Amino acid sequence: MSTNATEIKELVVEKQGIVLKITLNRPRAFNALTRVMLKDFKKALREVGEDKTVRVVVITGSGIGFCAGADLGRFKAETEAGHPMDFRKDLEDNFHPIVKMIRALPQIVVTRINGACAGAGLAIALAGDVKYALRSAKFVAAFVKVGLVPDTGSSYFFAKALGYSRALEFFLSKGRMSAEELVPCGLVNQVFDSPESLDQGIEAFVNQIAQLPPQAVTLTKRVLQEAAQAKYFDEALNAEAAAQVFLGATADHAEGVSAFLEKRKPVFKGV
Amino acid sequence: MNSQTTTIPVIETVLKAPVATIFLNRPGALNALSDEVIDTLADQMEALDRDDSIGAIVLAGRGRAFAAGADIKGMVDATEEELTKLDRFAKWTRIWKIKKPVIAAVHGFALGGGCELAMSCDMIVASQDAEFGQPEILIGIMPGAGGTQRLTRAIGKSRAMEIILTGRRFTAQEAYEYGLVNKVVPKEILLSEAETLALEIAKKPRVAVLRAKEAILKAGDVALEDGLAFERKLFYTLFSTEDQKEGMKAFLEKREPRFKNK
């Protein structure tokens, strides 16, 4: 083992206080995803799910891009000679778990979209609970040009937010949209002019989350996920009521009410 | 075996009368269902079935999964003759004969024996991350603790065929749409939801609950005509209970009934 090879990690995971920062780190390849990266990514997401000290997960890319999607060259090269690539297996084992786990995490996931995203990178950027982007970041629909369809959830994210027709136009004709253009439909929450202001925006968001009772934050994520997918109004009402039954019995709820009545700052303990 | 391994019980029961929650407690093995687990589980369930303070049971798994299947290591070298002679899966019958309502609270994997155990319960509440499946086919066998029968009755022949013959996993949402699970909830409130449902049932007049469960299970077993006759017979027996008198009187007097479970 050479030390150089192990020092350059393609996925960097750092804990900074209540934040876990996951950085896709192949800047020269615009952070295109390899199987190794995806495996480490899955592991990091699985571990942070159990870590109650982490309240916010930030996902970003190093260098000038966010993520260029799958490194198709690398995927092909790694596939045994003479065997066709098993797309379903690759999606189900390597890509789907990432976007599913991001949504399933109890923490709030912020995607820090520092530059272009394409292919599966689009989907990872948009799987975040909150999407903060550089104004100049480009969203590139790379799938169809290489003879594939939008995957890893990108069809879902775009069709839900833009509607069927505008999503179709994006993938088949426009091919790219800027972060700023995606603000009105909600695919991007906010845009920032510089990496510094982007970081300040994320810090401000993290500081707000830090003040809130953790279980209520998680369950707000859950009831809104439910509401976003609900077919019927009653489903959303039921999801709210179920969460309220649980939260109503927590110490943090009692503390929140007492603090409000006593006009003091609440001290939440996560129980 | 040293004493350290025996101090951690494979099954743990938490009593909050009238509800009891049983936890499969081998998180390191994703709650794989060894003979010891099934035996201990059946012992616990039978004890709760006899306990008058308990009206409903929740069955959940500790750690990352509900139960990720059977104990493969313990079976790899088994022979047909041995399995037939020992008939290890016959132990499961004890679980199937529990009279009180049992609710499975399923999170993570419910695979193979884990899926069969969840289906052995009367209701299933699942968390959004739950995944069900009968992957036996992938290791050269087939479901052996009720999978082919219970899954087919729960979700229909075509779907059961696909799931059992491909071994593919299906999500909580799919299981809900197939009618296999009662509700899908965020994992954070899974236990709270299952226990709330159990409590609601545990507060109902006990004898009527047990008879109704018995009649519903009969529906999966017998011809309609026989089931209807069975139901009618059980219905009449309830008129010898105090709770029937109390329930009907309270209804007519427009007040809340006070049931005695008699």
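The largest nonpolar core in this predicted model has 73 residues, and those with the most contacts inside it are Ile57(B), Ile103(B), Ala105(B), Ala110(B), Ala118(B), Val125(B) and Ala194(B). Helix α9 of chain B, residues 190-202, gives the most to this core, with seven residues. Apart from it lies another core, of 62 residues, among them Leu11(A), Val109(A), Val110(A) and Phe171(A).

A nonpolar core is a set of buried Ala, Val, Leu, Ile, Met, Phe, Trp, Tyr and Cys residues joined through C-beta atoms within 7 Å. A residue is buried if 20 or more other C-beta atoms, placed from the backbone, lie within 10 Å of its own. Helices (H or I, at least four residues) and strands (E, at least two) are DSSP runs numbered from the N terminus.

Leaving aside neighbours within four places in sequence, Val125(B) is in contact (C-beta atoms, placed from the backbone, within 7 Å) with Ile103(B), Ala105(B), Val181(B), Asn182(B), Lys183(B), Val185(B), Leu190(B), Glu193(B), Ala194(B) and Leu197(B).

| Domain of chain B | Residues |
|---|---|
| Domain 1 | 3-202 |
| Domain 2 | 206-252 |

The centres of these two domains, taken over C-alpha atoms, are separated by 27 Å. Seven residues of domain 1 of chain B are in contact with five of domain 2 of chain B. On the domain 1 side, the touching residues comprise two nonpolar, one polar and four charged.

Chain A has 11 helices and 10 strands. Its radius of gyration, taken over C-alpha atoms, is 20 Å, close to the 18 Å that the globule rule (2.2 Å times the number of residues to the power 0.38) gives for 271 residues, so chain A is as compact as a globular protein of that length. Along its principal axes, the C-alpha trace of chain A spans about 70 × 50 × 40 Å. Buried residues account for 38% of the 271 residues in chain A.

Glu14(A) has Lys21(A) as its bridge partner in β2(A). Two residues lie between the strands, and Gly17(A) takes a positive phi near 65 degrees.

Residues are numbered from 1 along each chain as its sequence is written, and chains are lettered from A and ligands numbered from 1 in the order in which they are written. As this is a predicted model, local features need pLDDT of at least 70 and side-chain atom pairs count only at pLDDT 80 or more, while totals for chains, interfaces and linings use all residues.

Key:
Two strands pair if DSSP finds at least two bridges between them. A residue is buried if 20 or more other C-beta atoms lie within 10 Å of its own, exposed if 12 or fewer, and partly exposed in between; C-beta atoms are placed from the backbone. Two residues are in contact if their C-beta atoms, placed from the backbone, lie within 7 Å. Domain bounds come from an automatic or database domain assignment. Ala, Val, Leu, Ile, Met, Phe, Trp, Tyr, Cys and Pro count as nonpolar, Asp, Glu, Lys and Arg as charged, and the others, Gly among them, as polar.
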